[in-house]
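Q: I am new to this structure. Please take me through how to read its features one at a time.

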Amino acid sequence: MHVMRRLRIRSFATFATSLPALSLILISVVLTCIQPANALPAFARKYGLRCSACHESWPMLNYFGQKFKDNGYQLMNDRDAPIWQNPGYWPVTFRITPIWHRVSTGKVLVDTYAAGSTTPTGSAVQRVTTSGFDLSGLDFHTGGTLEKNFSFYVLPSSNNAASFHFETVMARLDNLFGSPWFNLKLGKFELDNLLSEKRILTLTGNGGIYQLYHFTPQGDGNIFGKMGDNQLGVEVMGHSFNDRTRYSAALLSTVDGTPGLPYGSNAYSGYFTASQAFDTGKAGVQRIGGYAFVGLAPTTWLTQTGPSGSTVIPGSGIGNKSFSREGIVGQFYFGQHVDLQVVTQHGSDSAWFGQGYGDFIDGIASGNNTTGTTLPPGSRSPTWNGVLLEPHYVYSPQLIFIGRFETIRMSQQSTPGTPQSFGNISTYTIGYRYNPFMTSRAGFAWHNEYNWLHQDGTGPSLGVNAANINTSELLLGFDFDF
Amino acid sequence: MRTGLRKWSLWLGAAALLALPLASSAQLSTNDLAQKLNTESHIGNLTGHAKDAAMDYRRYCVGCHGELGDGNGENAVWLDPKPRNFQLGIFKCRSTPTSTLPTDTDLFDSIGRGFDRSNMPIWNTLTKQERADLVAWVKHFSPRWANEKSGDPIQIPPEPEVTPERIKAGRDVFARVQCWKCHGVQGMANGPSASTLTDDLGRPILAYNFTEGSRPKCGDTDRDIYKIFMTGLDGTPMPSFADNIKPDEAWDLVFYLRTFMSQHSKEKDIAKQLGLKPVDPNAPVPAASGQQ
């Protein structure tokens, strides 16, 4: 599920690009000659449906898949309860992605050495490029129904060194009062983002996430407004019988999904969505909606001085300050082959976050907002605007071409005088996924992708003003699950 | 010599790779079907085109119903009940008399409604146009549509008011046409014939259990239930009773069947007030209305 994060861990292997690249291209040519089929694991095996029934292209959901999810992973055919399954059926799927990738990062600060010297004598800025074979982490998805209208999802997920955490753990009461308008979910879960980052079609370090879902201004100490991260809380969600109308409201602990209540002593946030879809005949179903993520997060921490100095006491955060992210979401279809996914965002953090207060416990914040602390004169709430455009060309259920453009522009810096563009991001991603077979048993995609990301002013200056950084990544791999 | 061998093995390998896609794409029957891609469906103002449904069929349907619409998709072996064989042109849920082809609207409604107690989902997330196109695609599999027209929908009189008398009359119809033989005297699908039922292809099939709370296959409105026993479910042991039950009696039977269902209804309340007992299989068969 969190493949892109694991891919961020880059191998600094030998720079031997030409032969492997040629081999992989040849493999891709051969694979694209192979005829039909496709796959989708645990749910597909249960219901005998191909991956393509629920996924525009695995793992991205189509409208039918979204309805299936909204129904609590139920088809509502009176055969959803596990009692109807073969007792040997166990709803588990694993997913992992072996890849080759080439990562090139601009303006990296490196040590320099004088001739004959073994100790650094200075610093310089240079591009660092590396390539090699690599691995994503491993996800174990298990989900489905415990009984009719009682559903669950548990996802232990590892990084590529097999260090596991719980990405998702939730149970859900479906169709309360016999109505699809009331469903109650409790646990750690993905926020109800129509364009789901957990089902993203891209895998590179920067292209494998929606930047919009994780953005914070440079120097900002708020880690809590990341709507791409799974969160701990409770969610009420409802939808019409055909899923054309949807809403959700979630009350969350402001912990960015970290168990153990490590941050604030009393910090909550809320996530709200609503959307409406329209049948537009030959063009397809068009959906438009909105979201708002608003919350409070701590900036003041109790500390304790011991033999080794002052340490922060976990769970002691107070001095809550506000943050918000809101925007619109559109899913537009232009016939059977072309669609465009759109997300916009206006974000705002309290001036306290903008000045570096916030997550002191992980060392993200630069200061502790203790009694008597004042903001520098003129400090303001940092605000920004962003947009994400993701067009797809679906040649067939087995082959999809993906493009994405995201840009985030600061509209107000927290510190007056800071260049307006400082921290702005623009990123382009293109790629395709080809499923050489399609069944209801397993999924396999041959994945090719290129991502380019540009960020304003965040490189080491070293005499270079407004050091803009360009990073690129080329990735080829086998994305599979069973 | 070694170089020659290596060269040959390379050529053979390349030839095998090229042959793979060619071999797997050789499907003669698919070519036959391609001739019928101009098949249309008409649902209200909508016109569905088979040629526009190919991608949706491949995406949503082919795993069960198969490339050739013969119900032999890769999942068919695991499913019960089996997916419909569209080539036969025989459909359970119709508004038309038994043995006739359904209307396009019947097929359209089936796709949007799905079938409880089967693996056929409710495809109401598809647009109406997509469903109309899929109806045309379903039709293009069977030669029946080339040679026959859809039957005329049966006439359904307006639904009368539910009364205790009608519910009791419905019980008499239930006894007379011996619904209980398959469905049981309390609608629990445990009649004496229930365990022997097979469909037209000889596969075991279950009678509908009115009491378990699932929707009837062909819809859960009173009109839908009326249609089920007045048109029959073709391909199954459920016959049409159009020749045995008068339209007014059919409504009585609908009301009586409602008393079995777990959902709350006016019919259930009335049956409770009446203290209505199940039919007695050993009792004399009640006469049809109008008979002495």
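A: Start with contacts: two residues are in contact if their C-beta atoms, placed from the backbone, lie within 7 Å. In chain B, of the contacts with a separation of 6 or more, 64% join residues 24 or more positions apart. This is a predicted model, in which local features need pLDDT of at least 70 and side-chain atom pairs count only at pLDDT 80 or more, while totals for chains, interfaces and linings use all residues. Residues are numbered from 1 along each chain as its sequence is written, with chains lettered from A and ligands numbered from 1 in the order in which they are written.

Q: How many helices and strands does chain B have?

A: Helices (H or I, at least four residues) and strands (E, at least two) are DSSP runs, numbered from the N terminus. Chain B has 11 helices and two strands, and its pattern along the sequence is α-α-β-β-α-α-α-α-α-α-α-α-α.

Q: Which residues are buried in helix H4 of chain B?

A: A residue is buried if 20 or more other C-beta atoms lie within 10 Å of its own, exposed if 12 or fewer, and partly exposed in between. By this count, 41% of the 292 residues of chain B are buried. In H4 (residues 104-113) of chain B, the buried residues are Asp104(B), Asp106(B), Leu107(B), Phe108(B), Ser110(B) and Ile111(B). Strand E1 (40-43) and H5 of chain B are among what covers them. Just after H4(B), Gly114(B) has a positive phi of about 70°.

Q: At what angle do H9 and H10 of chain B pack?

A: Axes are lines fitted to C-alpha atoms, for helices over the stretch in contact, and angles run from 0 to 180 degrees between N-to-C directions. Helix H9 (residues 222-231) of chain B and helix H10 (residues 247-258) of chain B pack at about 115°, their axes 9 Å apart. The residues in contact include Phe229(B) of H9(B) and Trp251(B) of H10(B). For classes, Ala, Val, Leu, Ile, Met, Phe, Trp, Tyr, Cys and Pro count as nonpolar, Asp, Glu, Lys and Arg as charged, and the others, Gly among them, as polar. This contact has nine nonpolar, no polar and one charged residues.

Q: How many residues does each chain give to the contact of chain B with chain A?

A: Chain B gives 28 residues and chain A gives 30. The largest share of the chain B side, six residues, comes from H3(B). That side has 10 nonpolar, 12 polar and six charged residues.
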